[in-house]
Amino acid sequence: MAEDSELEKTEPASPRRLEQAREEGDVPRSRELATCTVLLAAGAGLWFTGDGLVRQINRMLTSGMAFDRAQVFDFNLLLMRIAGDLVDVLIVFAPLAALLMLVALASPLLIGGWLFSGKALQPNFGRLNPLNGLGNMVSARAGVELIKAIAKAILVGTVSWMVVSSQMESMLGLVVEPLKAGSAHLASLLLTGFITIVCSLVVIALIDGPYQIWHYANKLKMTREELRQEAKESDGDPQIKAKMRQMQREMARRRMMTEIPTADVVVTNPTHYAVALKYADGKMRAPTVVAKGMDEMAAKIREIAAENNVPLLEAPPLARALYKHTELGDEIPEGLYTAVAEVLAYVFQLRAYKTNGGNRPDVPGDIDVPPQLDPLNPAAQAPGANGLMQ
């Protein structure tokens, strides 16, 4: 039973599965919704521009029936006349055609959004398999499409019968109306019936849209085994990840070693910890940690610092606090500002002494560090102790 549950598609599709389906051109689509929006746009366009269209078509028909003698006996003039009339027809219907094209392009945004996929255009000979065709004919989706077609026919037929029944007297009265008034009345009746019938399709579209979204999500559901396999593929092999982390640590260590010669001072424990600090007045808000390490790494930092004449200062509590509460590239905590300022003051005085001579500055004695920042101080272990002292 447990194995069966593992193979049942009960889990929603993962983002990766959805992205793969989209790359293959598989997105939810509702043909009923797209058709309905285009027909509604056509009805609305005819409603607002119908009078102008009728007048322009009437004008073109009137002018199209008149020919002068030169056009009748000159084929080239007649051809130019016909071409001009065709251009006039295209200009008249251009606004309505542009509206329908715009709506047709925008309708995919309602469900699924725009999609450009080359994979959907690639030939798939599996679609030519008659067995697959027979399977599709008896599938649940085919049954739904059949029910939808029957419902559409019943709905459109019922609405059409109601429209014709309600307008029967007006339609019979057209035979006694003058030609011009009757034509306008007939166009109004046809347009009203068209819009009414199209509005009935909104019911089908409102049902089909959510159904297509549900069907798409249900089709892409995954088993728990598929989810685990995908997670494994996404995360990668644990050994490879460990190797990558090791390489990243090595790269970070090499970058750190290149920063040590630029440091202003290296604070030591003296042997267990070493933290290199750098401060550029006017460019940095506070001194920054450019390198840190313990034991063998601390010894390497001290070695590189000595080779590059970077001052070394023994201040065990400060070295421990800096190592504990900072990372590479971090500014020092506010609670250590005073202690680090004392160290930097000594370094700058030492630098001035080496340049200009004079009295050699005294090496700072015990540098005070707030108890809650020293890892060896019991106050740092107390519940609620804030090591960063904002």
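Asp-208 is buried, with a relative accessible area of 3%. Here, buried means under 20% relative accessible area, exposed means over 50%, and partly exposed is in between (1.4 Å probe, protein chains only). What does Asp-208 pair with? Asp-208 forms a salt bridge with Lys-148, and their closest N and O atoms are 2.7 Å apart. Asp-208 sits in helix H9 (residues 179-219) and Lys-148 in helix H7, so this pair ties together parts that are 60 residues apart in sequence. Lys-148 is buried too, with a relative accessible area of 12%.

Before going on, a word about what you're looking at. This is a predicted model, where local features need pLDDT of at least 70 and side-chain atom pairs count only at pLDDT 80 or more, while totals for chains, interfaces and linings use all residues. Residues are numbered from 1 along each chain as its sequence is written, and side-chain values use heavy atoms, with hydrogens and water left out.

**The salt bridges**

Side chains of opposite charge can pair when their charged atoms come close. The rule used here asks for a side-chain nitrogen of Lys or Arg within 4 Å of a carboxyl oxygen of Asp or Glu, and by that rule the count comes to eight salt bridges. Three of them are set out here.

| Pair | Closest N to O |
|---|---|
| Asp-208 and Lys-148 | 2.7 Å |
| Lys-152 and Glu-32 | 2.9 Å |

Take Lys-152 and Glu-32, which form a salt bridge. Lys-152 lies in helix H7 and Glu-32 in helix H3 (residues 31-64), so the pair ties together parts that are 120 residues apart in sequence. Glu-32 is buried at 14% relative accessible area, whereas Lys-152 is partly exposed at 28%.

Asp-264 is buried at 8% relative accessibility, and Arg-351 is partly exposed at 40%.

**Helices and the whole chain**

The chain has 15 helices and four strands. Helices (H or I, at least four residues) and strands (E, at least two) are DSSP runs, numbered from the N terminus. Helix H7 (residues 140-166) has 27 residues and reaches 39 Å from its first C-alpha to its last, close to the 39 Å expected at 1.5 Å a residue; that expected span is 1.5 Å times one less than the number of residues. The buried residues of H7 are Lys-148, Val-159 and Val-163.

Across the chain's 390 residues, 28% are buried. Among contacts (heavy atoms within 4.5 Å) between residues at least 6 apart in sequence, 72% join residues at least 24 apart.

**Helix H5**

Helix H5 covers residues 75-106 and holds Met-101, which is exposed with a relative accessible area of 55%. The C-alpha atoms of Leu-86 and Met-60 are separated by 9.9 Å, with the two residues 26 apart along the chain.

**Cysteines**

How many disulfides turn up in the whole structure? A search finds zero, a disulfide being a pair of cysteine sulfur atoms within 2.5 Å. The sulfur of Cys-36 is 7.6 Å from its closest cysteine sulfur, in Cys-199, which is too far for a bond. Cys-36 is buried at 4% relative accessible area, while Cys-199 is partly exposed at 39%.
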